[in-house]
Amino acid sequence: MLNQPTCYLSPKCAARPIGHMVYGVFAREPLQKDERIAVWGGEVVTRENFDALSDRLRRLSVQIEEGLFLVALNEGPADYINHSCNPNAGMNGQIVVVAMREIAAGEQICFDYAMTDGSDYDEFECQCGAPNCRHQVTGRDWRNPDLWERYDGYFSPYLARRIEKLKRGENVLELL
């Protein structure tokens, strides 16, 4: 079992190359709204341990709770779901990716990293090409009230709690 992927990808999807050393996940068959696409797996580490990881391992990670990160130690096809500022997938809990709408066969599966990332570990210049592209992906994007409405019900639980605190006017700085 060593070096086996620690994730699940729906048999209705497949990972394939989309560029030099870059992969994406695509629907092989139509997916219904809220249908499970992927479940990420790996090892849970604290922020302190996370910061000591290689860049490659940090790229294969997702923040799952305040100060906790899930690190994919054995890269698998579900790890190739890319970012888009106009996503067709979102979160159901901490590690399950679901369709936010019906997805046609052939469509690339993408989610907005603002749904999971509340830290600065994976910031980059966005090149998704969506009409509403933010051009920069940061660990602060979850604070955008426009995204709260668009992604309601699809944020990771710890971010949903942060958003509810902000809506009530509470301070979330102690969480950051």
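Select β1 together with strand β4 (residues 36–39): the two pair in the antiparallel sense over two bridges, where strands are DSSP runs of E with at least two residues, helices are runs of H or I with at least four, both numbered from the N terminus, and pairing requires that DSSP find at least two bridges between two strands. The model is predicted, so that local features need pLDDT of at least 70 and side-chain atom pairs count only at pLDDT 80 or more, whereas totals for chains, interfaces and linings use all residues. Residues are numbered from 1 along each chain as its sequence is written, and side-chain values use heavy atoms, with hydrogens and water left out.

Within this pair, pick Tyr 8, whose bridge partner in β4 is Val 39.

Now show the whole protein, which has four helices and 13 strands. Its C-alpha atoms fill a box of roughly 45 × 35 × 25 Å along the principal axes. Colouring by burial would show that 45% of the 176 residues count as buried, that is, under 20% relative accessible area with a 1.4 Å probe and protein chains only. Finally, turn to contacts (heavy atoms within 4.5 Å): of those with a separation of 6 or more, 64% are accounted for by residues 24 or more positions apart.

Terms used. Buried means under 20% relative accessible area, exposed over 50%, partly exposed in between (1.4 Å probe, protein chains only).
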